[in-house]
Every structure is written in C-alpha cells, then in structure tokens.
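Try each task before you read its solution.

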Amino acid sequence: MCGIVGYIGSKNAQEPILEGLTKLEYRGYDSAGISVINHQQLRTVKKVGKLNFLKNSLQQSPLEGKIGIGHTRWATHGIPSDVNSHPHLNNKGTISVVHNGIIENFLPLKEFLIKKGYEFLSDTDSEVIANLIDYYYEDSIESAVKNAVRDLEGAYALAVITTEEPDTLIGVRHESPLVIGLLDDGFMPASDIPALLAYTEKVKYLENGDIVVMTKNSIDIYDSENKKVERETKKIEWDLESASKEGFDHFMIKEIYEQPKVIKDAIRRKCVDGVLNLGDNTFSKEEWNSFESIYITACGTAFHAGEVGKIAIETWAKKQVQTEIASELKYYQPFIDEKTLLIVVSQSGETGDTLAAMREAKKKGAKVLAITNVVGSSIAREADKVLYCYAGPEISVASTKAYTTQLIALYALALDMAKKLGAMDEEKVQNWIAKMNNLSSTVEELLDSQGERYKKLADHIKDSKSIFFLGRGIDYLSAKEGALKLKEISYINSVAFPSGELKHGSIALIEDGTPVINIITQSNLVDKAISNIKEVKARGAFTVAIGDNNNDGIKEVSDVVIPIPLVDDILAPVISVLPQQLLAYETSVAIGNDVDKPRNLAKAVTVE
C-alpha cells in the first residue's frame with residue numbers, strides 16, 4: 001500500500017521525488033518522508049498526515065542533493081506518527097531505507113540486533129532493515145543489501161541509500177512491486193507507473209527477487225540467484241494527461257465518465273476484425289476440457305466482478321464455477337489440484353490476499369488465468385495466462401472503470417470457453433460480441449442523461465445511518481458492488497441483501513425513512529422484486545428503484561425510479577452499476593468527504 005519513489009541523476013532529487021509521491025497518493029497513506037544525500041550528509045524529513053505537511057516543511061528548509069528516496073506510508077506496524085514514518089535510518093544515521101510490504105520475521109531480527117547493540121526508535125518492522133543492512137555493511141552497500149535480504153521473510157520492495165557510497169541507489173523487489181524509470185540523466189525506482197509519467201516513458205519491470213544497483217550513469221540488475229541479468233525496457237502506454245483530472249472535480253467522477261471509452265477499448269482489444277480472439281491469453285479446447293474444476297477468487301470490487309463472471313461461464317459455457325474470497329481461499333483449498341483452473345481478478349495485480357491464494361493453488365498444480373489492469377504486475381507475471389482490462393490508470397481508491405472492464409474480460413473469457421467447449425456456436429458468440437459492443441454507447445447515453453438526479457437523491461440520503469441494497473439473481477451481485485461503493489466513500493453503513501432474504505431476520509432493521517436501493521434488471525424476476533419492495537415500503541422504507549421506468553409496477557412501489565436502458569439480463573451489471581457509482585460519488589461530495597482518498601483505505605492492498 002505504501003508508495004516508494006527514488007531518484008539518482010543530475011537534478012535536485014527533492015523535486016522528482018515529491019512529484020512522484022504526489023502521483024502515488026491514490027494508493028492510500030497516513031504519512032510521508034524523504035531522505036537526500038548532499039556532500040556525504042544525509043538529511044531526512046518525515047511528517048505524519050497528508051503529503052502537503054511534508055511539502056510545507058520542505059518549503060521552509062529545502063533539501064539539496066542529486067540522490068534521494070521518498071515514501072508514503074500506510075500503517076501496518078506502529079501507529080501513524082513522525083517517528084514511525086519512512087525513511088528509516090540505521091543508528092549511525094548513514095543508511096536510509098524506504099520499504100513497502102511486511103517483514104514477517106522482524107521480531108526475531110529485532111531481538112538479534114538489540115543483542116548486537118542496536119537501538120530502535122520506531123515501532124515498525126521497516127527500521128529493522130536499515131540496521132540489518134548496517135550490520136552487514138563492510139565496504140559495499142550492494143553486498144550489505146544482498147546479505148540483509150537473505151534474512152528477510154515476507155513481502156518487500158526497498159530503496160536504499162548511504163552516505164558511505166553517495167553515488168549509489170539500491171532497489172529490491174520481493175513480492176511487492178518496484179519498477180525502474182530510465183531518465184536521460186539517471187534513474188527513478190518507483191512503486192507504480194504514475195510516479196514516473198512526468199519524467200520518462202521508458203521503464204524496466206523488475207522480476208521477483210531482483211536487486212538493482214544504480215548510479216547516475218549505470219544500472220545493474222541481479223536476480224534471486226545473484227546472477228547479473230538484463231530486463232527488457234518497455235514503453236509506458238499511459239501519458240501524463242491520462243493520470244490527471246482533466247477538469248473534473250475528482251478522479252472518481254472522471255473515471256466514471258471514462259467508462260464508455262474503456263469498455264469500447266476492452267472489447268476491441270479482445271477481437272480481431274470484429275471476431276472474438278483472445279490468442280495466447282486463453283486456453284485451447286483440450287486444456288479447457290482438462291479442467292475438472294474452476295474457481296474464481298478476488299477481493300472487494302474484483303470479487304464482485306468475479307461473481308458475475310461465474311454466472312456468465314455457467315450460463316454460456318455450461319461449466320460449474322465456484323467463487324471464493326481470496327483471503328479465505330489461501331487457507332482452505334481441499335479440492336484444488338492439478339486439474340483445477342483458478343481465475344484471479346485484481347485491478348492492481350498486486351493484491352496481497354489474491355497473490356497468496358494464487359501461489360498456494362499453483363503449489364498444488366493448478367493452472368492460473370489472471371484478469372488484471374496492470375501490465376507487468378506480480379499477478380500478471382506469475383499467472384499461466386493473462387487477460388488485461390485496458391482500463392488505463394485508475395487513480396481514485398474506489399474502483400469504477402476497472403470493475404466494468406473486469407466484467408468485459410470475464411464475459412469474453414466465458415464466450416471463448418463456450419465456443420471451444422461446443423456450448424455455443426460461432427454465430428451465437430458473435431451475436432453476444434455485437435451486444436457487448438453496444439454497451440459503450442448505452443453507457444454513454446446513461447451517463448449523459450441524469451446528472452442532477454443523483455445530487456438530489458444524495459442530499460436526501462446523506463444523513464442516513466444505514467442504507468440497504470436489494471437485488472435478485474445477478475442483480476444481487478450488482479447490489480453488493482453498489483453497497484461497497486457507497487460505504488467506501490460516504491462512510492454510511494451500506495449493506496446488500498438478496499431481496500428474498502431480507503425478511504428472514506434483517507427486515508427488523510428497517511425504520512421509518514430507511515433508504516432501500518432496489519436493483520431490478522432481470523426480466524423473469526421483476527414481479528418478485530416488486531413484492532420485496534412492497535415489504536420494505538410497508539415498514540416505512542424510502543424506496544429507490546434502478547430499473548425500467550416504463551414498468552408501472554416498479555413506479556407504483558418506488559419513491560424514486562432511476563431509469564436505465566434495458567440490455568440482456570446477463571450484461572445488465574455493466575449498466576446497473578453506473579447509477580450506483582454516481583450515487584455513491586454524489587453522496588460523498590454532499591457529505592464533504594475526500595472522495596478519491598477515503599479514510600483507512602488504499603488502492604493497492606499489497607498486504608494480507
């Protein structure tokens with residue numbers, strides 16, 4: 001969840017590091033800091049709270065130097081404080097380290113170092129690294145880092161500098177992301193691509209276990225066996241403009257309105273001359289037939305997409321699928337073996353729980369197909385097959401366009417499977433592709449037609465202590481995503497229920513005026529959904545329906561109807577989620593919350 005940015009080159013390091021950290025604010029953090037070396041003097045400034053606190057401090061006393069490292073921290077060990085913030089130094093104040101991840105064995109390492117005479121100022125696991133490097137330091141920071149990481153257990157990305165070798169910057173990648181930006185005058189290690197966009201379009205993605213040694217004029221990469229290796233230089237497809245707000249008040253609303261384009265792009269990239277063709281990103285007919293079980297696993301929004309994917313695969317390919325939250329699947333895999341396919345879904349490709357579940361399944365021989373938005377991410381690298389979402393950078397913590405493009409990828413996968421297994425002929429597959437192609441214009445139509453409606457409704461519900469979301473069948477899965485969006489950024493207790501389940505206990509929570517959001521898109525379940533709305537309305541609920549405005553039954557039982565275009569039932573989640581995203585956004589704005597950076601949350605949840 002933390003963000004790392006380093007710099008070595010001919011410029012003053014403070015500027016690119018702060019710029020890079022600004023671009024990583026979307027990851028979520030509670031403190032920030034920076035270390036710079038100048039004339040063999042190490043200066044470190046770190047502040048709890050928003051990045052602006054650090055920037056304000058540096059305005060008063062700027063740092064000078066051509067090499068430095070910076071960090072935004074999301075607390076895992078020790079409360080947010082100046083002392084617990086990164087960078088962390090060794091006792092001598094000659095080595096500075098920033099760390100993303102968790103060191104699982106930090107307590108025995110800390111005890112060992114204390115016995116050796118080291119003292120610790122913070123409550124973090126990360127301070128152990130700085131002193132451990134110091135313990136191993138003799139005449140080379142490179143050797144010291146390599147020796148130290150052999151003792152570390154857990155997930156970590158590191159950037160390290162020392163006054164003993166003020167022209168060297170070390171980076172380490174182990175189960176946590178780190179990329180290297182190639183500049184005209186040096187190098188920038190960073191946790192994610194947006195940190196580099198203002199300075200370069202050329203990057204090297206490090207492999208798991210890589211250690212990189214950088215000077216102003218050279219870069220050497222060593223793999224986990226300490227062999228010198230080359231990593232391919234790749235061009236970043238994103239530009240700086242795509243990571244800016246472009247006139248919108250927040251990244252979230254910008255990304256909501258980007259969905260017509262990214263949906264269109266996502267479908268186009270999965271077709272060749274208009275025909276579905278996933279190429280080497282999927283399995284052959286023989287491989288599909290060889291899988292005796294299929295699992296889908298993910299976390300949060302990605303899990304909701306995965307649940308819709310389960311319905312698509314079962315409906316179109318006639319293959320049974322089991323869905324399981326990744327944090328649970330890691331510890332309970334009794335039926336996963338070499339005849340299992342595990343489909344993992346992750347926006348960042350770095351989700352810690354999903355990675356852990358995936359790795360356990362691979363140990364048992366399972367094949368893995370990943371659906372992710374980030375090229376070169378850990379999940380993408382470790383999976384057997386990868387389908388990319390092509391949503392572009394998603395900055396807001398609350399996922400919107402990544403969710404809809406995950407749905408597109410899952411639909412495409414289900415159709416590919418259906419075709420190869422003989423459950424659907426080519427003509428039917430292409431009919432569905434044509435319907436998916438129409439989604440882009442349908443989404444655009446919906447987004448352009450109802451702006452003020454959500455502000456008015458948000459003003460009505462913003463003071464509610466709880467809000468319920470109801471749906472039947474696939475609509476329940478959409479309701480789960482709507483409830484998650486609202487609670488993420490409004491902090492209102494929002495809970496989704498299958499419509500028919502509410503009366504089995506939870507209806508006791510309905511009070512006079514309680515908002516109940518009802519998703520109604522499934523043609524064969526409309527009458528049942530209307531009956532469920534009557535049940536809550538009879539108990540005083542304020543009822544909102546997202547569905548067909550021309551249905552008299554829906555209008556009769558609803559205080560507010562949010563009309564949406566009708567599409568095929570199985571594709572409806574792409575449409576029905578949009579009003580829920582907009583309602584969540586407007587409610588958060590009405591309350592006055594920080595929409596893009598909700599409290600306690602992070603964009604890339606890289607720890608378990």
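**Exercise 1.** Decide whether Phe 283 and Phe 291 are buried or exposed, then classify their ring pair.

Solution. Step one: Phe 283 and Phe 291 are both buried (under 20% relative accessible area; exposed is over 50%, partly exposed in between, with a 1.4 Å probe and protein chains only). Step two: their centres are 5.1 Å apart, with 80° between the planes. Step three: apply the cut-offs. Rings of Phe, Tyr and Trp (its six-membered ring) pair if their centres lie within 6.5 Å; planes under 30 degrees apart are stacked, over 60 edge-to-face, the rest tilted. The pair is therefore edge-to-face.

The model is predicted: local features need pLDDT of at least 70, side-chain atom pairs count only at pLDDT 80 or more, and totals for chains, interfaces and linings use all residues. Residues are numbered from 1 along each chain as its sequence is written, and side-chain values use heavy atoms, leaving out hydrogens and water.

**Exercise 2.** Classify the pair of Trp 316 and Tyr 411, and state what the pair ties together.

Solution. Step one: the centres lie 5.9 Å apart and the planes make 50°, a tilted pair. Step two: Trp 316 sits in helix H9 (residues 300-317) and Tyr 411 in helix H13 (residues 401-420), so the pair ties together parts 95 residues apart in sequence. Helices here are DSSP runs (H or I, at least four residues), numbered from the N terminus. Step three: Trp 316 is buried at 4% relative accessibility, and Tyr 411 is buried at 0%.

**Exercise 3.** Find the residues that ring pairs link to Phe 112 in a cluster.

Solution. The cluster joins Phe 112, Tyr 135 and Tyr 136.

How values were computed:
Helix = DSSP H or I, 4+ residues; strand = E, 2+ residues; numbered from the N terminus.
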